[in-house]
Amino acid sequence: MKTSILFAFTLVLFNGCISTSSISSLMGVPEEELNRIPKGAKNIIVTINNATSNEVYSQIKNALIERSHRIEKDDKESFYLTTEGKDVGESTLQRMVISISKVQNDCRIVLNTEYKPGMEAQMLATGMTGINVNTDWTEVVYDIKTRSGIAFIETYIIAKRIDRGIITYK
């Protein structure tokens, strides 16, 4: 019973109860935009009409650098990028795997995101439960009031920086 309660408490602590307005303020994205993203989305897909893969690759790489993401792996021939983990707010680490493909005259970017609680959140959970808490990377599922939502919004901000990009969700 005690273990179940501690597990439930840890789960709440890691996922957090974060308000839409606090995420809007933290991330600089209007609440109306946040509310238009479908709950449960796992990936962001950006389609750019009449674009070359090289042009799109440069745009996504510049967007990552502008947002202070460190590129872990960069393969321009395969049009593939991965980022290192980055604290994107509220002790939430986020990393991405980004691939670019050509579909006729258009380019398609698929942004996959993972997150985990940062060291501060893990230490707090360990201190409050007495159990050594260490988490691993988890696939993002969009829910605005969680750490997963914060990580997803960082990916959304990157996607919005693509010129002429049409954003959809999967």
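Visitor: Why does Ser68 count as exposed?

Guide: Ser68 counts as exposed because its relative accessibility is 52%, and the term applies to residues over 50% relative accessible area, with buried meaning under 20% and partly exposed in between (1.4 Å probe, protein chains only). This is a predicted model, in which local features need pLDDT of at least 70 and side-chain atom pairs count only at pLDDT 80 or more, while totals for chains, interfaces and linings use all residues. Residues are numbered from 1 along each chain as its sequence is written, and side-chain values use heavy atoms, with hydrogens and water left out.

Visitor: Where does Ser68 lie, and what is its phi?

Guide: Ser68 sits in the loop between α4 and β2, where helices (H or I, at least four residues) and strands (E, at least two) are DSSP runs numbered from the N terminus. Although Ser68 is not a glycine, its phi is positive, about 65°. Gln104, in the loop between β5 (92-103) and β6 (106-117), also has a positive phi, about 55°, without being a glycine. With a relative accessibility of 74%, Gln104 counts as exposed.

Visitor: How many helices and strands does the chain have, and what pattern does it follow along the sequence?

Guide: The secondary structure comes to 6 helices and 8 strands, and reading along the sequence gives α-α-α-β-α-β-β-β-β-β-α-β-α-β. Of the 170 residues of the chain, 45% count as buried.

Visitor: What makes the link between Lys39 and Asp143 a salt bridge?

Guide: The closest N and O atoms of Lys39 and Asp143 are 3.9 Å apart, and a salt bridge is a side-chain nitrogen of Lys or Arg within 4 Å of a carboxyl oxygen of Asp or Glu, so the pair qualifies. Lys39, in the loop between α3 (31-36) and β1 (43-48), and Asp143, in the loop between β7 (138-139) and α6 (147-160), are 104 residues apart, so that this pair links distant parts of the chain. Lys39 counts as exposed at 66% relative accessibility, whereas Asp143, at 24%, counts as partly exposed. By this rule the count comes to 8 salt bridges.

Visitor: How do you know that the side chains of Glu55 and Arg164 meet in a salt bridge?

Guide: Their N to O distance is 3.4 Å, which meets the rule for a salt bridge. The pair links distant parts of the chain, with Glu55 in helix α4 (residues 53-66) and Arg164 in the loop between α6 and β8 (165-169), 109 residues apart. Both residues count as partly exposed, Glu55 at 31% relative accessibility and Arg164 at 47%.

Visitor: What do the side chains of Lys61 and Asp74 form where they meet?

Guide: They form a salt bridge, at 2.6 Å from N to O. Because Lys61 lies in helix α4 and Asp74 in strand β2 (residues 71-75), the pair ties together parts that are 13 residues apart in sequence. Lys61 is partly exposed, with a relative accessible area of 25%, and Asp74 is partly exposed as well, at 37%.

Visitor: Which residues touch the most other members of the largest nonpolar core?

Guide: Ile60, Ile109, Leu111 and Ile153 do so, in a core of 38 residues. Elements giving two or more residues to this core are α2 (20-27), β1, α4, β5, β6 and α6, and α6 supplies the largest share, 8 residues. The term nonpolar core covers a set of buried Ala, Val, Leu, Ile, Met, Phe, Trp, Tyr and Cys residues joined through side-chain atoms within 4.5 Å.

Visitor: How do you know that the buried residues of α2 are on the same side?

Guide: Thr20, Ile23, Ser24 and Met27 are buried in α2. They cover an arc of only 100° around the axis, which puts them on the same side of α2, the arc being that of the directions from the helix axis to the C-beta atoms. The buried residues of α2 pack against α3 and α6, and α2 is followed by Gly28, with a positive phi near 75°.

How values were computed: Contact means heavy atoms within 4.5 Å.
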